[in-house]
Amino acid sequence: FGRIVESLVGDIFMPVIGAITGGSIFEQFLALSSNVTATSLEEAKRQGAVLAYGSFVTIMINFAIIAWVLFLVVKGINRLKAQA
């Protein structure tokens, strides 16, 4: 289930949000070391300490979707119990 949500967010939601905001803000990072000169997140992580806030936003969206789906499932189960 987690991999499905991860793919949904990474392959469907993030490109749409990136297109709306004018770029991929979810790959953004803040270099915490003066040694970091890279422009990609993966390369920057190899060079030194970075604050990957774009990755954090992606994970928070994943969590929100999972929580929303679980909420709907529990709500549906409770409705079925009430009818029985």
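Ser-33 is partly exposed, with a relative accessible area of 22%. In this predicted model, Ser-33 belongs to the loop that runs between strand S1 (30-31) and helix H2.

- Ser-33 counts as partly exposed because its 22% falls between the limits of 20% for buried and 50% for exposed residues.
- Between Ser-33 and Ile-59 there are 24 Å in space, C-alpha to C-alpha, and the two are 26 residues apart in sequence.

- Phe-13 is a residue of helix H1, which covers residues 2-21.
- The relative accessible area of Phe-13 is 34%, and this residue is partly exposed.
- Met-14 and Thr-58 are 44 residues apart along the chain, and their C-alpha atoms are separated by 7.8 Å.

- One salt bridge is found in a search of the whole structure.
- Its partners are the side chains of Glu-43 and Arg-46, with 3.2 Å from N to O.
- Both residues lie in helix H2 (residues 41-47), where they are three residues apart, about one turn of the helix.
- An α-helix has 3.6 residues a turn, so residues three or four places apart point the same way.
- Glu-43 is partly exposed, with a relative accessible area of 32%, whereas Arg-46 is exposed, with a value of 63%.
- Arg-46 and Arg-79 are 33 residues apart along the chain, with 51 Å separating their C-alpha atoms.

**Helix H3**

- Helix H3 comprises 31 residues, numbered 53-83.
- From its first C-alpha to its last, H3 reaches 45 Å, close to the 45 Å expected at 1.5 Å a residue.
- The buried residues of this helix are Gly-54, Thr-58, Asn-62 and Ile-65.
- Thr-58, one of these buried residues, is the residue whose C-alpha atom is 7.8 Å from that of Met-14.

**The nonpolar core**

- The largest nonpolar core contains seven residues, namely Phe-29, Val-36, Ala-38, Leu-41, Ala-44, Val-50 and Ala-52.
- Val-50, a member of this core, is in contact with Phe-29, Leu-30, Ala-31, Leu-32, Val-36, Leu-41, Ala-44 and Lys-45, when its neighbours within four places in sequence are left aside.
- Among these contacts of Val-50, Phe-29, Val-36, Leu-41 and Ala-44 are also members of the core.

Note on methods. Residues are numbered from 1 along each chain as its sequence is written. This is a predicted model: local features need pLDDT of at least 70, side-chain atom pairs count only at pLDDT 80 or more; totals for chains, interfaces and linings use all residues. Side-chain values use heavy atoms; hydrogens and water are left out. A salt bridge is a side-chain nitrogen of Lys or Arg within 4 Å of a carboxyl oxygen of Asp or Glu. Helices (H or I, at least four residues) and strands (E, at least two) are DSSP runs, numbered from the N terminus. Buried means under 20% relative accessible area, exposed over 50%, partly exposed in between (1.4 Å probe, protein chains only). The expected span of a helix is 1.5 Å times one less than its number of residues. A nonpolar core is a set of buried Ala, Val, Leu, Ile, Met, Phe, Trp, Tyr and Cys residues joined through side-chain atoms within 4.5 Å. Contact means heavy atoms within 4.5 Å.
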